[in-house]
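Visitor: I'd like to learn how to read a few features in a structure like this one. Could you walk me through them?

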Amino acid sequence: MLVFSGCSIMCVASAVDPLRAANRVSGETLFDWKLVSMDGAPPVTTSGLPVAVGGKFDPGEKTDVLAIIGGFGTRMQGTSALLAGLRRVARSARAVGGIEAGTWLVARAGLLEGRSATTHWEDLEDFTAAFPGVDVRPDRYIIDGPVFTSGGASPTFDLMLHLIRSRLGMAVALDVASVFIYDQARAATDAQPLVSLGRLDGYDPRLAQAIRLMEAHIDQPLTISAIARRTGLTTRALEKIFGKSIGETPGAYYLRLRLSAARRLVVDTAVPMADIAARTGFSSAAGFSRAFAKTFGMSPTQLRRR
């Protein structure tokens, strides 16, 4: 990730933290990243906070994806050497993209010609005039072949959730959204949900309703047929929705949701195992331990000792 001074700290966080959370909820390093700047010095964000980087931008360094994170003044940073470097990376990387004003540099490098793109809404008119060969749209983010563009911090979070979902499945993307309590607009007084649905495109609203019922009944699980009835569906129809959207049966997802809640209690608290079992809907500590070990590869007691 090539970061420029004048960018928003939220754009940097929205690009990095979902990947970090995906590694955490998966229990393994599935994404790796490196932050760089043009000269290797920490770029200073609009809030005055510097961003620690691991060196300076090297177009010859092997990378799968290059994300250019820009803000105020970035559009003027397009030196011939930088633009040549971006074109060099684009020839070998799987994807290159611009986040907020980083889109200007991607366009100046000629990587958006004949493609669709977006940028921050304040720049849309100027960007359209500057690049008549680009199909500029006011979308939150756009992926057009090997090039992606994002309009700002929140759209970048959406983009990263899309990346996580496309690689690891919707269930992991839901878990990542939940780490940040990232959800549709809610009042400050609303209860914080266990599962944040965020802007995961294309999910059936009845899926959200079913998940809300599940999270409200962690300690005393409902039957899947009862959940289906409350959402106005047959059990078979609910299974089809879960299979299409998440790739799991409702029962499997519900069990994983309960075990994820249990895992948080095991790792973050000193609550006795028997109490955790009861609070997550298991009738016996032994049954809880078996299900936990099957899912996480070790018993809850072993995990707490680590």
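Guide: Let's begin with salt bridges: a salt bridge is a side-chain nitrogen of Lys or Arg within 4 Å of a carboxyl oxygen of Asp or Glu. Before we count, note that this is a predicted model, where local features need pLDDT of at least 70, side-chain atom pairs count only at pLDDT 80 or more, and totals for chains, interfaces and linings use all residues. Residues are numbered from 1 along each chain as its sequence is written, and side-chain values use heavy atoms, with hydrogens and water left out.

Visitor: How many salt bridges does the structure hold?

Guide: There are 11 salt bridges. One of them pairs Asp123 with Arg75, with 3.2 Å between the closest N and O atoms. That pair links distant parts of the chain, 48 residues apart: Asp123 is in the loop between strand E4 (116-117) and helix H4 (124-130), and Arg75 is in the loop between E2 and helix H2 (80-92). Helices here are DSSP runs of H or I with at least four residues, strands are runs of E with at least two, and both are numbered from the N terminus.

Visitor: Is Asp123 buried or exposed?

Guide: Buried means under 20% relative accessible area, exposed means over 50%, and partly exposed is in between (1.4 Å probe, protein chains only). Asp123 has 17% relative accessibility, so it counts as buried. Arg75, at 25%, counts as partly exposed.

Visitor: What about strands: which strand is joined to E2 (residues 65-70), and by how many bridges?

Guide: Two strands pair if DSSP finds at least two bridges between them. Here 6 bridges join E2 to E3, and the two run parallel. Ile68, for instance, has Gly98 in E3 as its bridge partner. All 6 of the 6 residues of E3 (residues 95-100) are buried, so the strand is largely enclosed by the rest of the structure.

Visitor: Which residues make the nonpolar surface patch?

Guide: Patches are made of residues with over 30% relative accessible area and no salt bridge; like charges are joined within 9 Å, and nonpolar side chains (Val, Leu, Ile, Met, Phe, Trp, Tyr) within 5 Å. Accessible areas come from the Shrake-Rupley method with a 1.4 Å probe, and for residues only the protein chains shown count as cover. Ile9, Met10 and Leu49 make a nonpolar patch of about 280 Å². Met10 is in helix H1 and counts as exposed, at 55% relative accessibility.
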